[in-house]
Amino acid sequence: MFLEHLGTISGRIEGAIALSLVDRDGMPVESVSASPEFTVVAERMTFLVSAVANGYYLLLALAPTGSVGRARFELRRASLVLEEELS
């Protein structure tokens, strides 16, 4: 259920490398990634975290060429959809 939403969201964000729905403890609920092996190198990516519902967050890894503004917009839009399903 969440995998489809995450795939759609990340597909609308140019430069999206990975997108995860995580709970407040940082445990991933579901993730999508452009690569089956995902390594985080902070100097080469921008990370955005957006609150979704009580205790759940979206974590987006964005390439340097990606649009931070578009990413923020899409994460906010996604949080409205996912909030209903997580409540």
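## Basis of the values

Residues are numbered from 1 along each chain as its sequence is written, and side-chain values use heavy atoms, with hydrogens and water left out. Because the model is predicted, local features need pLDDT of at least 70 and side-chain atom pairs count only at pLDDT 80 or more, while totals for chains, interfaces and linings use all residues.

Glu74 is part of helix α2, which covers residues 68-86. Helices (H or I, at least four residues) and strands (E, at least two) are DSSP runs, numbered from the N terminus. The relative accessibility of Glu74 is 0%, so Glu74 counts as buried. Buried means under 20% relative accessible area, exposed means over 50%, and partly exposed lies in between (1.4 Å probe, protein chains only).

Not counting residues up to four places away in sequence, Glu74 touches Ile9, Arg12 and Ile13. Contact here means heavy atoms within 4.5 Å.

## The salt-bridge network

The structure has three salt bridges. A salt bridge is a side-chain nitrogen of Lys or Arg within 4 Å of a carboxyl oxygen of Asp or Glu. Arg12, Arg70, Glu74 and Arg77 are joined in a network of such bridges.

Arg12 has a relative accessible area of 28% and is partly exposed.

Within helix α2, Glu74 and Arg70 are four residues apart, about one turn of the helix, and their side chains form a salt bridge at 2.7 Å, N to O. Arg77 and Glu74, also both in helix α2, are three residues apart, again about one turn; in their salt bridge the closest N and O atoms are 3.6 Å apart. Arg70 is partly exposed at 37% relative accessible area, and Arg77 is partly exposed at 38%.

## The β1-β2 hairpin

Strand β1 (residues 16-23) pairs with strand β2 (residues 28-33) in the antiparallel sense, over five bridges. Two strands pair if DSSP finds at least two bridges between them. The two strands form a hairpin with four residues between them, and Gly26 in the turn has a positive phi of about 85 degrees. Val22 stands opposite Pro28 in β2.

## The nonpolar core

In soluble globular proteins, nonpolar side chains tend to be buried together. A nonpolar core is a set of buried Ala, Val, Leu, Ile, Met, Phe, Trp, Tyr and Cys residues joined through side-chain atoms within 4.5 Å. The largest such core has 19 residues, of which Ile13, Leu19, Leu21, Val52, Leu58, Leu60 and Leu86 touch the most other members. Elements giving two or more residues to this core are α1 (2-11), β1, β3 (46-53), β4 (56-62) and α2. Helix α2 gives the most, with five residues.

Leu19 touches residues including Leu6, Ile9, Val32, Leu58, Leu60 and Leu75, not counting those up to four places away in sequence. Ser10, Glu30 and Ser31 are also among the residues that Leu19 touches.
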